[in-house]
Amino acid sequence: MTALRRIAIVGGTALVVVGLVAAAAVADELGDYLERVQDSTYTANRLTVSVWGDETQVSSAFVEHAPGSEMVRVDSSWTMAGNGRSVVVDDEPEGVAFVTHADPITTDRYTIGSVAEAQHMRRDCTVVQVLEDGVVRANFLIDSRTGAPLITETYTDGGEVFRRSSLQNFRAYRTYAAPMDPNDVEYEVVMPGDSELLPATVAGYVLVEAFPAPGGAEQGFYSDGLFTFSLFVLGHETEVSGFENASVFSTATGRYDLAATASDVRVHWTDQRHDFVIVGDLPPDHLAEVLAELPLPRDRSVLARLWSKLFG
C-alpha cells in the first residue's frame with residue numbers, strides 16, 4: 001500500500017470517527033439537536049443526492065446507527081465506525097483507530113431559524129431550520145421519538161439544495177448483526193501530534209485535531225459545528241490518485257481538481273512546496289472561502305518536476 005493510499009483511508013475514516021463527536025460541539029440549541037441525532041438508534045436505507053455544478057451524484061447505502069457508532073453497507077462492502085475506530089470489511093479488512101483528546105469546539109456561526117412539528121411516514125417529527133447570517137443553510141426533519149434524521153437538506157448561500165439525504169425503510173432499532181467481529185481486525189493506531197503546516201482556523205472552521213501521516217505529511221480535521229472536512233498537506237513525492245476523472249472547480253484564487261460524490265467532495269491542488277487534498281461535506285461557497293485562505297494553486301516548473309522525479 002502506497003503512502004497516499006494510506007492517507008486516503010485515514011482521511012475518509014477521520015470524517016466518520018472524529019465527526020461522530022465533533023458535530024455535537026455547537027454550544028447552543030442547535031448542538032442539542034445534533035447531539036440527539038448522533039445518539040439515535042435506527043436501521044434504514046439512506047439515499048443521498050448532491051449537485052455540484054452540472055453534475056448530480058446519487059448514492060444508496062444500508063445503514064445501522066447507534067449512539068456514537070454507525071455501520072454502513074454499500075453493495076458487498078461494509079464500514080463500521082465507533083468508539084474512535086473504523087473498520088472497512090472488504091476483500092482485505094482494514095482498521096484504523098484515532099486516539100484523540102480534542103476539546104469540543106464552540107461556535108456561534110449558526111442559529112435556529114424555526115422549529116415546527118410535522119408528520120412523516122406516520123411518525124411525529126420536528127422540523128429544525130438552521131440559519132447562517134439569516135440565510136437558511138440546513139433543514140432537519142427529526143423523528144420525535146428516536147432523534148433520527150429522517151431527512152437532511154443542506155443549502156448553498158443562494159438558497160438552493162446542494163445535498164439531500166433521506167432515510168427509507170426506516171426502523172427505530174437495529175436489525176442486523178455486524179458481518180464480522182471488528183476486534184478480529186488489526187488496527188492502525190493514529191496518535192494526534194503537533195502541527196507545523198496546518199492553520200488553527202480556516203474561514204470559520206476550527207482545527208479540532210491534527211494527525212501525522214506517512215512521509216512527513218499532516219492531516220487536520222476541521223469543523224464549524226455543522227460541516228466538517230479533513231485537510232491533508234502532502235509532500236510532492238506522494239502520488240495523488242483518485243482525481244483521474246476530476247472536474248475543474250474555479251474560484252477567484254485559482255483552479256482546483258474536484259471529485260464529488262453524493263456524500264462528500266474532494267479537492268486537490270498543488271503549490272510549489274506541497275500537494276493539498278480536502279475531503280469533506282462543505283457547501284460550494286464554504287469550500288471557495290476555505291480555499292481562499294489556504295496556499296494558492298501553482299504549477300511547479302518543468303525543472304522542479306524533473307528534479308523531483310530524479311532525486312525525490
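Predicted model: local features only at pLDDT ≥ 70, side-chain atom pairs only at ≥ 80, totals over all residues.

Q: Which strand pairs with β20 over seven bridges, and in which sense?

A: A pairing is read from its bridges. Strand β16, residues 228-235, pairs with β20 in the antiparallel sense over seven bridges.

Q: What is the bridge partner of Thr270 in β20?

A: That partner is Asp275. The bridge brings in another strand: β19, residues 265-270, pairs with β20 over six bridges, again in the antiparallel sense.

Q: How many residues does the hairpin use to join β19 to β20?

A: The hairpin runs through three residues.

Q: How many residues of β20 are buried?

A: Burial is judged residue by residue, and the cut-off is under 20% relative accessible area. In β20, residues 274-280, seven of seven residues are buried, which leaves the strand mostly covered.

Q: Which residues of β20 lie on one side and which on the other?

A: One side holds His274, Phe276, Ile278 and Gly280, while the other holds Asp275, Val277 and Val279. These residues are all buried, and both faces of β20 are covered.

Q: Why does Thr152 count as buried?

A: Thr152 belongs to strand β10, residues 149-155. Its relative accessibility is 18%, so Thr152 counts as buried, the limit being under 20%.

Q: Which residues is Thr152 in contact with, leaving aside neighbours within four places in sequence?

A: With those neighbours left aside, Thr152 is in contact with Asn139 and Phe140, and also with Arg163, Arg164 and Ser165.

Definitions and conventions
Residues numbered from 1 in each chain as written. Heavy atoms only, no water. Helix = DSSP H or I, 4+ residues; strand = E, 2+ residues; numbered from the N terminus. Buried < 20%, exposed > 50% of the residue type's maximum accessible area, 1.4 Å probe, protein only. Contact = heavy atoms within 4.5 Å. Pairing = 2+ DSSP bridges.
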